[in-house]
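Colleague: Please take a close look at one part of this model, the packing of its side chains and helices, and describe it in a connected account.

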Amino acid sequence: MSFQWPAMLFGLVVLPVLGWVYLWLLRRPPRRAVRFTQVALLGRALRQTRPWRRHLPAALLGSALVCIILALARPVAPLPVPSAQNTVILSIDVSRSMLAEDMPPNRMEAAKSAAREFVESLPRGLKVGLVTFSSYAQLVVPPTADRARVLEAIGLLTTEYATAIGDGLVEAVYALPGRQRPLDPMSPPPPPKESAPPATVVLLSDGQSNRGVVPQDAARLARDQRVKVFTVGIGTPEGTFLNLGGRSIWVRLDEDTLREMAEIAGGSYYHARSVLELRQVYRRLSRVVGWESRPTEVSALGAGLALVLLVGALVSSLAVVHRIT
């Protein structure tokens, strides 16, 4: 936490002085002696009184003064705020292995359901796009703030052949604002524009890349284009046989490649073994990519807390000291 007007904090040195004055007033002998003949009754009444209640108003008042001084110093703290500047591309594997039923009803439907929740949980104004990849990659929806359009496209996803993970990431990177595909495929892409907004790709796959751009090269491209990549793997690294149209196909999750891609591009890798874990992963990612920590002045919070403490001091003074309750 930092303060915009730190000089106001010198006001805190007054508080010990006020505390000393308070104690001096309590210990000061009364100007006039009070005669009380019922000494025994007075003793019992004093034993039944809780000593701390006598000091409660002063304690609340002192705490309120601390909050007021802190608020006057205009404290600034990092708070999570919606990241309206970020742009997110969902890149989803639609190869036929996504028909495996280890995530009921199958991986594809589970991925679609989790992706829909992910889009719906993002802050309003944040642009989202959709890319799919199988034998080739395709930009289904360019980045847009129109949630309904993205949700509709997710619902229409169907499976195809092969798995081109690298192509899925490259297509997502070039769909982001401020990033340009080179005119000559053999030439390196131009660097991103200085005004290019922050960008993130969330890539989901359940298999191994078997065609297209090498996934690690695609991750280096994303890193050079200042795009952070989070990868999500479903399925098992040990692999399993998948029955598709009467044919048994062995598929396995390439965790090492997905993890390496995320490390290269500054993101993280997540593995989901069930529908519940997949939904939890997407919820976590929505918080990571949809929100950012930004220094925010919290003077109002200190002022509000001071008001509550002042009211508490007033109420306790009336209720405890003057016995109105």
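Modeller: Phe-118 is buried, with a relative accessible area of 1% (buried is under 20%, exposed over 50% and partly exposed in between, with a 1.4 Å probe and protein chains only). The model is predicted, so local features need pLDDT of at least 70 and side-chain atom pairs pLDDT 80 or more, while totals for chains, interfaces and linings use all residues. Residues are numbered from 1 along each chain, and side-chain values use heavy atoms, without hydrogens or water.

Tyr-282 also counts as buried, at 1% relative accessibility. The count comes to one aromatic pair (ring centres within 6.5 Å; planes under 30 degrees apart are stacked, over 60 edge-to-face, the rest tilted). Phe-118 and Tyr-282 form that pair, edge-to-face, 5.6 Å centre to centre with 70° between the planes. The two residues are 164 apart in the chain, Phe-118 lying in helix α4 (residues 107–121) and Tyr-282 in helix α9 (residues 275–290).

Elsewhere, helix α6 (residues 165–174) packs on helix α7 (residues 215–224) at about 15°, with the axes 8 Å apart. That makes α6 roughly parallel to α7 (under 35 degrees; over 145 is roughly antiparallel, 65 to 115 roughly perpendicular, the rest oblique).

Helix α8 (residues 255–264) has buried residues including Leu-258 and Met-261, and its buried residues pack against α6 and α7, among others. Gly-266, with a positive phi near 75°, follows α8.

Key:
Axes fitted to C-alpha atoms, helices over the stretch in contact; angles between N-to-C directions. Helix = DSSP H or I, 4+ residues; strand = E, 2+ residues; numbered from the N terminus. Contact = heavy atoms within 4.5 Å. Phe/Tyr/Trp six-rings, centres within 6.5 Å; stacked < 30°, edge-to-face > 60°.
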